[in-house]
Amino acid sequence: MTQHAPLVGVYPGTFDPITHGHTDIIHRATKVVDRMVVGVAENAGKSPLFSVQERVELVRREMESLDTNGADVEVHAFDNLLIHFVQEVGARVILRGLRAVSDFEYEFQMACMNTRMDPSVETVFLTASERQQFLSARFVKEIAALDGDISSFVSPNVAQAVLDRFQATTARESFAGRTARD
Ligand code: ADP
């Protein structure tokens with residue numbers, strides 16, 4: 001039987017903060033890859049609620065209790081081009097979660113651009129679970145900013161971190177978006 005090199009995957013995202021949608025993808029993706037690197041993008045341009053180091057810590061904390069199917073999972077921040085980060089960690093696969101049609105166009109473009117830059121790297125999509133189909137980190141922040149209950153979308157640790165952040169700062173205003181209020 002042919003021995004294959006361990007398959008390393010990168011799951012990139014902003015994770016501001018990590019939700020049950022993200023952990024579901026990580027749990028399912030680790031059935032396929034041998035080693036998974038969760039890449040937390042700095043994304044300063046998106047004005048995240050949490051610093052990149054805080055987001056890394058929140059993701060690491062989730063990994064302590066997540067069933068990762070025996071695969072090694074590492075969590076690292078990155079602020080360079082995704083394809084360069086993928087090459088640096090020696091991965092051959094980029095993993096992405098795909099929610100309803102709204103994700104499709106952007107994801108499709110990104111996958112094509114990344115293939116152009118490095119044809120040896122494949123992008124693999126996992127469809128969002130039925131229960132997490134409409135869950136996004138942005139909605140979690142908008143709901144929390146308006147004092148809504150986010151306990152079914154994120155872990156208790158993440159919910160507490162979001163609550164603390166909104167109590168400690170004026171960030172609440174910028175996340176109390178119209179979508180959740182209307
Ligand atoms: P968000 O869009 O929630 O801000 P990220 O930018 O951190 O999330 O996304 C990282 C990856 O996780 C993307 O591929 C995104 O499509 C995927 N993802 C986010 N939320 C979900 C979910 N509820 N179910 C499946 N995949 C998801």
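**Exercise 1. Determine which residues join α5 to α6, and how the two helices cross.**

Solution. Begin with the contacts, which require C-beta atoms, placed from the backbone, within 7 Å. Lys141, Ala144 and Ala145 of α5 meet Val162, Leu163 and Phe166 of α6. By class, this contact has five nonpolar, no polar and one charged residues. Here Ala, Val, Leu, Ile, Met, Phe, Trp, Tyr, Cys and Pro count as nonpolar, Asp, Glu, Lys and Arg as charged, and the others, Gly among them, as polar.

The model is predicted: local features need pLDDT of at least 70, side-chain atom pairs count only at pLDDT 80 or more, and totals for chains, interfaces and linings use all residues. Residues are numbered from 1 along each chain as its sequence is written. Helices (H or I, at least four residues) and strands (E, at least two) are DSSP runs, numbered from the N terminus.

Next, take the geometry. α5 and α6 (residues 156–168) pack at an angle of about 55°, with their axes 10 Å apart. Axes are lines fitted to C-alpha atoms, for helices over the stretch in contact, and angles run from 0 to 180 degrees between N-to-C directions. α5 is therefore oblique to α6; angles under 35 degrees count as roughly parallel, over 145 as roughly antiparallel, 65 to 115 as roughly perpendicular and the rest as oblique. Finally, α5 passes α6 in a right-handed crossing, that is, the near helix is turned clockwise from the far one by less than a right angle.

**Exercise 2. Describe the sheet and the helices that pack on it.**

Solution. Five strands form an open sheet, β3-β2-β1-β4-β5, with parallel pairing; two strands pair if DSSP finds at least two bridges between them. At the edges, β3 (72–78) and β5 (122–127) each pair on one side only. From one strand to the next the twist averages 30°.

Second, examine one pair. β1 (residues 8–13) and β4 are joined in the parallel sense over two bridges, and glycine 9 has valine 93 in β4 as its bridge partner.

α2 (residues 52–63) touches β2 and β3, at about 170° to the direction of β3.

**Exercise 3. Locate the cis peptide bond.**

Solution. The bond from aspartate 16 to proline 17 is cis, with omega near 0°. Proline 17 lies in the loop between β1 and α1.
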